[in-house]
Amino acid sequence: MLNIQHLTKRFGDKTAVDDLSLHILPGEIYGFIGHNGAGKTTTLKSAVGILKPDAGEIEVCGISVRNDPTACKRQLAYIPDDPDLYGFMTGIKYLNFVADIYGVSSEVRAERIRKYGDLFELTPDLAQPISAYSHGMKQKLAIISAWLHDPKLIIMDEPFVGLDPKASHTLKLMMREVCDAGGAIFFSTHVLEVAEKLCDKVAIIKEGRLIRSGTMEEVKGDSSLESVFLELEE
Amino acid sequence: MLKALIKKELSQLWSVYTFDSKKGKRRSTGATIGFALLFLIMFASLFVMFVNIAMALSGPLSEQGLDWLYFSIMGLLTLGVGVIGSVFTTFSTLYKAKDNELLLAMPIPPSRILLARMLIVFLMNLFFCVLVWVPAVIVHGSTGLPLVFQIILLFVLTALVTVLTCFLGWLLALITSRLNNKTFFTVLLSLLFIGLYYFLYFKMDSILKSILLNSSSFAESIKGWGYPMWQLGLAATGSVPSMIGFTLASAALFVLTCAILSRTLLNLLTAKHTGKKAVYREKREKQAGADAALLRKELRRFVSSATYLLNSGFGMLIMTAAAVFVFIKAPAAKPLLEKIESALGQIRVLPVIGALAVCFICSMDCVSAASVSLEGKQIWVLQSMPVEAERVLRAKKRVHILLNIIPAALLTAAIGVAIGADAIEIMLMILMVAAFLWFSSLFGLMMNLIKPNLEWTNEAVPIKQGMPVMFSLFGGWLICAALLVLSLVLSAVLGSKILLVICCALFALISLLMERWMKRRGAEIFRHLT
């Protein structure tokens, strides 16, 4: 689903991501863990095609991000760590804008907006301008918009930040649903308990380099993910 | 405690000179000095303007023994300038201060917070009153008791201005807190103020003349409807009972305002009227294509921001107003135009000049020059979507053209009719303006892609202060000026129609080259902007 091979990204003298390789298969929830500034966001943005890698190759569903970014983007959805959305639009206008860009038909979009809006209890607020939304509401709207076109791959940067416990639970269920249907999720998080319970596979990044990856059992063994992470960070 | 509050308010006031709120950083020493100098120049020029007004009124009214009327009029002007000048700052100082909750959480009585803020409002109002009242006093040249009274009246008038601005500021706070469409209200209010300013600026001379011509009847009527102003005039000319009466009445109003505000401050500062909350009702939305969605998004961005509308859309307003004006006044201007034409020579060049004049105004609308920067931190939305960057840029270009084309075509046609151009000439003029709009939309976009700013905290920065906007504005003007010179030179050998075709071809050629750049380099820049 997502194949990252020898990704390297530099910002001036600083190497943010150094020769990173990851392979995410259909049906997998893949967690991405690392301290602040480790290179998680850079990796995610490169996978989406926002950042141009200095070296390496990224493929989404077998299509090269470098050669055909638009075709890749049709298969995926991305939610950044701080979902800054168009404050000048109402929630519903934003969702319709996203649906228009992805070519989602009127019937399908209406059904999905109703379904996910109700799941996140955001439906009554969809007529409000996004500028009046709280951080959590923006996060919910970003999640709904990501699910709107039924993507095969969802890339999320810290998706649980700002969500209330009920919305967090809903999101976890939705993530599992995507994977059960043959899709894949690649997300970064600082909440190790969530990663431990939710992820099929996990990768730990430190100073731009991948230091461990694999199934949850392979990475943590008999210890907790937290103790393994702290040990590796030292 | 009060001292600390006043110190905080004063340092906040002073920070206007030392801190650039739009860029969110401290000004350099040079910039602070430059800003202070600019302020001084502005103060001096306004001071001189009011000296002129005072000089125009003082002599004639004194000769008729209507000194009190002179001070009444200058007092009225002081109140007007004071209110217009500081109503918005009073509104933000008293009702919209960002540290309301911080201060209210501290063990400070609300009345102290109000007192400190009222002092700042009073100081700001004093500045505007000095601007008008001091020239009035200097020009009149009174001595003795009247001079003492006039000096005291400066502070009395400031207190009155404070009362009025507090009331209007409260009204503004009430209206804006209940409005759903704040952009429309802001634009409307700004246009009203601009209209009022220009109306008074152009009419000032005739207003002054009419006052001087009908001074006796004006004096009689002011004694009726403007009783307090009559008393102010008498007080300024040395009448002790009027001075006591006017001062006491003003002081009473000031104390009453402070008392009311002090009692209701807590409610005023913490009230949150968010207007009627719109509740979503499901309705069937039509599916649109990606290009239409992008175009709608750009249009929505433009109309949702008062700053964007007023700064990048002012040319559209001028063009629409000018089209109506030219259409109405065309017959009166015909002799003048014929004179210009004959002075320019045998060959008609007025159609080219007319079209270039429209292009000149079009340059003021830098819609596309700010559009990339305005994506700001939301640029990830478009970058992560399956839509080619060139289509995004095309939508930005189209909005620029769409917004301008109708007012520009209207004005061009009106000018064409006014100068007696034939149908082909008018058509070519409109075509040239359209070609210019194509060029300017791409030029602004190109400048913005080369010099983007996505890190702004206040949208006024990319809209008003960005390099792309400056380049787009002055670049457009420069090209118009160059073409004007070229047309005047070539008009000796070429007719207006050929000149118009040449200008059209030139703009189209440059635009085609820029389209090529946009598809390759421009799209690549946009795709990876961070």
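**Figure 1. Cavities in the whole predicted model.** Searching the whole structure turns up 3 cavities of 30 Å³ or more. This is a predicted model, where local features need pLDDT of at least 70, side-chain atom pairs count only at pLDDT 80 or more, and totals for chains, interfaces and linings use all residues. Residues are numbered from 1 along each chain as its sequence is written, chains are lettered from A and ligands numbered from 1 in the order in which they are written, and side-chain values use heavy atoms, with hydrogens and water left out. On a 1 Å grid over the protein atoms alone, a cavity is a set of points where a 1.4 Å probe fits but cannot get out; lining residues have an atom within 4 Å of a point. Grid points are joined across faces, edges and corners, and a volume is the space filled by probe spheres set on the points.

**Figure 2. Close-up of the largest cavity.** Here we have about 120 Å³ of space. Its lining counts 14 residues, and those nearest the centre are Tyr78(A), Tyr102(A), Ser145(A), Trp380(B) and Ser384(B). At least two lining residues each come from β6 (76–79), α3 (91–102) and α5 (135–147) of chain A and from α16 of chain B; helices (H or I, at least four residues) and strands (E, at least two) are DSSP runs, numbered from the N terminus. The class tally is 11 nonpolar, 3 polar and no charged residues. In that tally, Ala, Val, Leu, Ile, Met, Phe, Trp, Tyr, Cys and Pro count as nonpolar, Asp, Glu, Lys and Arg as charged, and the others, Gly among them, as polar.

**Figure 3. Close-up of the second largest cavity.** This one holds about 60 Å³. Helix α4(A) gives the most to the lining, with 4 residues, and α3 and α4 (106–119) of chain A each supply at least two. Chain B takes part too, with lining residues including Tyr280(B), Glu282(B), Lys283(B) and Glu285(B). By class, the lining splits into 4 nonpolar, 2 polar and 4 charged residues.

**Figure 4. Close-up of the second largest pocket.** A pocket is an open set of grid points with protein on both sides within 12 Å along at least five of seven lines. The second largest pocket has about 410 Å³ of space. Of its 20 lining residues, Lys45(A), Asp81(A), Lys377(B), Trp380(B) and Thr530(B) are the closest to its centre. Both α1 (40–48) of chain A and α16 (379–383) of chain B supply at least two lining residues. The lining sorts into 9 nonpolar, 5 polar and 6 charged residues.

**Figure 5. Where chain A meets chain B.** Contact (heavy atoms within 4.5 Å) links 40 residues of chain A with 35 residues of chain B. The two chains bury about 3500 Å² between them, 60% of it on carbon and sulfur atoms. On the chain A side, Tyr86(A), Phe88(A) and Ile101(A) lose the most area to chain B, together 18% of what that side buries. Buried area is the accessible area (1.4 Å probe) that two parts lose on being put together, summed over both. There are 3 salt bridges between the chains, each a side-chain nitrogen of Lys or Arg within 4 Å of a carboxyl oxygen of Asp or Glu. One of them pairs Lys52(A) with Glu524(B), with the closest N and O atoms 2.9 Å apart.

**Figure 6. The two domains of chain B.** The assignment (automatic or from a database) gives domain 1 (50–269) and domain 2 (290–527). Their centres, taken over C-alpha atoms, sit 42 Å apart.
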